[in-house]
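The model is predicted.

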Amino acid sequence: MSASRSTGTTDALGPDEDPGREPSAVAIPGSRLLAALLDGMDAALCAFDAHGTITHWNREAERILGWSAAEAVGRRGFAGWAVRSADAEDVQGRLLAAMDAPGRQVHEFALLRKDGGRVLVRTQSSGVRGEDGKPAGVYCAFSEVHAQIDLERSIALSEALFEDASWGVVAVDVDLRPTVVNAYAARALGGGRTTLLGRPLGELIVQGVEDLEGALQHVLAEGAPSAPAELWVTLRTAEGERRRCWRSGFLRLASPLAEEPVPLGVGWLFRDVTAAKLAEQDADRVRFRSNQLHRAARQAAECEDPMEAATTSLDYALAGFADHVVVDLMADLAAGWKLVRAASTPPDAPGPCLPVSGGSLPVRYGPGHPALQAVERMGSVRAVAPAGAGEAWAVEHQWPGDSVHALCAVLRSRGRTLGVVTFLRAANRGAFERPDVTYAESVAVRVASAVDLARLTAGPGA
């Protein structure tokens, strides 16, 4: 316990014991309370009287320098034991100068440990005045410079993360609500730094919030994961919903003041990597489709029947691209040129594209049908079922009942339109986009060449 040479300390704090107070409510003696406060400080503390004699010395000072309170209290300054003789006068002068200076004075000194080693400390000293208002001494709080620098660096890092970081930083409490949000995270979440505080994440994220909250709860219970996680979410913004990918890291925040680790929440750091992930997905998709086209060409080259080569190309094209495909070819019937169903995949289950049996019967496409539009325009046409249309839309268009997205690509060879190939997707897939059109047209070129060869080998009238 800290020792003190000061006299006149009171035995109790506060007024005399009140008759109505419980007998057990006895005030703590002032000297004991002071000693407990000094020893409980995280910083080393010593005090000097007006003559430079040490009057107080706490446990942290003993830890840093190795000198106990019994050895330190009563010594005059640091000379001869805690500082080199050559530095003693300068150190003593700067410390005692705080008695006459306003505010706190900050200095750095090299002090000596009891074992002879040197330690660089940063001190904050301030004058103490007596009841008459005259200088009565100096108190000095000090810590090792490297520890102080570490603390300052940690504070500076924390402030930088929550101000200028080039990635999102969010502190989430144990109820999974944001408590601190930096500028990057506020922009990513579509709100202001203060308006986002305390709001449930489900108010900001339409889809994917379960994955995010699950990750946060796991960190609270088990600790931080060993590697970053990529989370896809859909955000609700003023411009509508938008899908984003966040590469996220998590840290469990625990109080440094508790005897046992008590979770304060989670530190969530993330970057928006949507553009990179989409580019990566596009590259993977292009690579896969190019490989499928290559495999289809090699397989088709081994087919004796050109129509088998055409359906083989379509089988390879369907992988990862569509659920169904139908091929309608132009035929010269008695009523004129009509589209006739030539090949298709099974309408009720996955399967290969096979020629349609039953003869050349024209398909009953109504005016404005996407396949007819593709023939008229000699180009590709995309179509999407109206919301809530159900199977009626697909049945009306003579397609399998689960179809909600369609892409019609015209079959042309030697300057002539030979028919239309239609790729169809069910509701669990997204609508066809421009890159899908390019791929469908590449497939259509190969199918058209095979169909043209089949007609040439079959002779006139085919």
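**Strand β6 and its partners**
- β6 and β7 (residues 178–181) run antiparallel and are joined by three bridges.
- Five residues lie between the strands in the hairpin of β6 and β7. In this hairpin, Leu 176 takes a positive phi near 65°.
- β6 also pairs with β11 (residues 263–272), in the antiparallel sense and over five bridges.

**Burial of β6**
- β6 spans residues 168–172 and is mostly covered, with five of its five residues buried.
- In a regular strand, side chains alternate between the two faces of the sheet.
- Here Gly 168, Val 170 and Val 172 point one way from β6. Val 169 and Ala 171 point the other way.
- Residues pointing either way from β6 are buried.

**Packing of α8 and α9**
- Two packed helices are described by the angle between their axes and the distance between the axes.
- α8 covers residues 274–300 and α9 covers residues 306–318. Their axes are 9 Å apart, at an angle of about 155°.
- Angles over 145 degrees count as roughly antiparallel, so α8 and α9 are roughly antiparallel to each other.
- The crossing of α8 past α9 is right-handed.
- α8 makes the contact through Gln 292, Arg 295, Ala 296, Gln 299 and Ala 300. α9 contributes Ala 309, Thr 312, Ser 313 and Tyr 316.
- By class, this contact has four nonpolar, four polar and one charged residues.

Notes
Residues numbered from 1 in each chain as written. Predicted model: local features only at pLDDT ≥ 70, side-chain atom pairs only at ≥ 80, totals over all residues. Heavy atoms only, no water. Axes fitted to C-alpha atoms, helices over the stretch in contact; angles between N-to-C directions. Helix = DSSP H or I, 4+ residues; strand = E, 2+ residues; numbered from the N terminus. Parallel < 35°, antiparallel > 145°, perpendicular 65-115°, else oblique. Left-handed = near helix turned anticlockwise from the far one by under 90°. Contact = heavy atoms within 4.5 Å. Nonpolar A, V, L, I, M, F, W, Y, C, P; charged D, E, K, R; others polar. Buried < 20%, exposed > 50% of the residue type's maximum accessible area, 1.4 Å probe, protein only. Pairing = 2+ DSSP bridges.
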